[in-house]
Amino acid sequence: MALSGDTVPSLKILLIGPSGAGKSALLTRYCDDEFEPETASATIGIDFKTKNLSVRGKPYRLTLFDTAGQERFRTLSTSFYRGAHGVIVVYDISSRASFLTLDKWFEEAEANTADGVALYLVGSKLDKAEHGRQVSTEEGRALAEAHGAGFCEASAKTRENVRRPFVELVDRIVQTPSLLAAARSGRAPGTVAMDEGGDGYFSGCSC
Amino acid sequence: MESVSDTSWDVVICGTGLQQSLLALALSRSGKKILHVDPNHFYGGAEAAFSLQDAESWANEVSAKDAGLFRSASVARHESAAGLSSRSYSLAMAPTLIHARSALLSQLVSSRAYRQVEFLAVGSFFIFRLPQDSAQQPALIRIPSTREDVFAATTISSKAKRGLMKFLKFVLDYQNPPQLELWQSHAEAPLTEFLQQEFKMDAELQTYIVTLTLSLNGKITTRDGLAVIRRHLSSMGVYGPGFAAIYPKWGGLSEVAQVSCRAAAVGGAVYMLGAGVQAVETAGDEVKLELSSGDTVKTRILVRADDNPSEQTGISRLVAVVGSPLTSMFEVVVEGASRPAVAVVAFPAGSLSTPAGKASEYPVYLSVHSSDTGECPVGQNVLYLTTLSTPDSRQLLEEALEAFVGTAGEGQPAQILIQIRYEQLAGSGSFQPEGPVITFPSPSFSLSFDDSVLEPVQQAWKRIMGDAAAESDYMSFADREGAMDDDDVYE
């Protein structure tokens, strides 16, 4: 059954982290159950994806934002981070260099989001664990704990753990009253509905 | 990933101010190879929004540089403001309000960029009125701007009401005969003269009308003035009852610029901040650029904005954060309307004077933004004061601020927590759409969005698109998000 977007609380979740960490692959696998091994190029054309997720018997509408390549030179804007309920930081377990950038990504996420935002760290490309691992599970978990973030390792290629970051992050969000209070269906109170505007409101002018 | 030096760019855009960002948005589905750089480490250029810390580093940078369009920038924190959280502020460099009938809004809607921006209602316009005799206090008088409003107003005589009504009716149809003949002979004369001669308005009513135009020198011509008033009145009620203009939450045009850049990035544009264009070399069909990041890049077209200051005109600005909710500024005056987040106060020419006794030559405009704008924490307000630069302008802004907090405070004057001051100069160049280097004019000073800002953007787009440009496609895009919704259940 499809859930109506008008009544279900909406949660804004961001995927950030260094270029090539596999953010888009994770997102596409989770939302569309697709994986294209050859699309190693930077993300083009995905603004955000939506997914309805029920946690503890209650439905939520997730809007999942990718970085649109703006992670490459670290040029994500303050408006991108605005209103985020949760942030998933992704690195590649087969790249030490990728792991070493994470302090800066956590710092940026913490500086640009509300206090208490739910954080989650994902070590991606778990399928490479046997032959190409450069970051141990323990190191990843320790870093996540230092930032109060959830943690798991996942593979978009094999599907292993792909749902886990999203489910656990949302579970965290719904158990944080201050975050959940900011979740709403539809427009924020007091803001103007642009799509309802135009000529219809008053016929002509009110004066 | 291809390096920026190895790529043959179709266009390099320098600066992420509103015009450059809108150009990036316009090109976001074009398939062109776009490199968008900014010498600043923040988005928005002259239309940026700052946290307290950002504002302080910006002011230091401006003072150290003494070049470009900004001068004499400073940030002062009151001692009681020591513990304020820097990130709870988003102070707008260009707190421009946008009329409902502005083409900017239709472009944001047709390009779908509006979905990522939250808009708030701009409420009442007030006049600061000096006491007529020593028994009175200075007061803020709300300007009635609809027919119902004029009827209900208690501050205007019935004779004046008739004049005002006649004028409102005239403006709605001013471009058609017989109204056309009434004003055409006055077209280039000041609007105030026309109002006095044709509508017998007294000085106070003239001030009401001129205030609605937000004219910086107070001397707007009849031609321009009627167009602006007409836009104001026809914008009333378009997006809801009781308001004519809206304001993007979290810092005004800065938000529009950032969302536009994001849309371009989604379309494949590459973004670099802290990377300005240092040297330009034109050779045949190609422009070679040296970036301050150390990269050398090649492009077909370079788009930049004029930042060579002219000595002629400028504005003085004062941004003040006050620790008071000022609820009387945001009253709902039309039934069913939601609470506005912005109010405008005008100090007409002559209503302020320097300590040396010199009267103000130009109006001072003060925009009050409540915490609903997201620009300050709950219980505070941001006041944006603007006037044309004169030797006395900085002093007059102080006077206006003091007069306002004394009049609008609830019982006691509101505490001023933060003050930011700066001067902004106009550029010296004009729009240059020819050749491989396109230069946009310097940012507009207009306090309500001036649609003429959009024209150079569209012309630049046309240049870059060449024969592929169809006017009807301009800024007209479908929604991008995959509408397919999947359900996932976790018990």
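Reply: The buried residues of helix 2 of chain B are covered by elements that include strand 3 (49–50), strand 4 (70–77), strand 5 (91–92) and strand 18 (416–427) of chain B. Keep in mind that the model is predicted.

Which residues of helix 2 of chain B are buried? They are B:Leu52, B:Ala55, B:Trp58 and B:Ala59. Viewed down the axis of helix 2 of chain B, these buried residues fall within an arc of 125°, so they line one face of the helix. The face turned away from that buried side carries the exposed residues B:Ala64 and B:Lys65.

Now the length. Helix 2 of chain B runs over residues 52–65, which is 14 residues. At 1.5 Å a residue it should span 20 Å. After helix 2 of chain B comes B:Asp66. The phi of B:Asp66 is positive, near 50°.

Next, the chain around the helix. Chain B has 12 helices and 20 strands. Its radius of gyration is 24 Å, close to the 23 Å that the globule rule gives for 491 residues, so chain B is as compact as a globular protein of that length. Along the principal axes, the C-alpha atoms of chain B fill a box of roughly 75 × 65 × 60 Å. Of its 491 residues, 50% count as buried. Take the contacts in chain B between residues at least 6 apart in sequence: 73% of them join residues at least 24 apart.

Then the domains. The assignment for chain B gives domain 1 (8–48 + 253–308 + 429–473) and domain 2 (146–235). Their centres, taken over C-alpha atoms, are separated by 38 Å.

Last, the nonpolar cores. The largest has 155 residues. Within it, B:Val12, B:Leu23, B:Ile246 and B:Ala400 touch the most other members. Helix 10 (residues 253–266) of chain B gives the most to this core, with 9 residues. Domain 1 and domain 2 of chain B each supply at least three residues to this core. Apart from it lies another core, of 53 residues, with A:Ile16, A:Tyr30, A:Leu121 and A:Leu143 among them.

Leaving out residues up to four places away in sequence, B:Leu23 touches B:Ile13, B:Val303, B:Val457, B:Ala460 and B:Trp461.

Key
Residues are numbered from 1 along each chain as its sequence is written. Chains are lettered from A and ligands numbered from 1 in the order in which they are written. This is a predicted model: local features need pLDDT of at least 70, side-chain atom pairs count only at pLDDT 80 or more; totals for chains, interfaces and linings use all residues. Helices (H or I, at least four residues) and strands (E, at least two) are DSSP runs, numbered from the N terminus. The expected span of a helix is 1.5 Å times one less than its number of residues. A residue is buried if 20 or more other C-beta atoms lie within 10 Å of its own, exposed if 12 or fewer, and partly exposed in between; C-beta atoms are placed from the backbone. The arc is that of the directions from the helix axis to the C-beta atoms. Two residues are in contact if their C-beta atoms, placed from the backbone, lie within 7 Å. Domain bounds come from an automatic or database domain assignment. A nonpolar core is a set of buried Ala, Val, Leu, Ile, Met, Phe, Trp, Tyr and Cys residues joined through C-beta atoms within 7 Å. The radius of gyration is taken over C-alpha atoms; the globule rule is 2.2 Å times the number of residues to the power 0.38.
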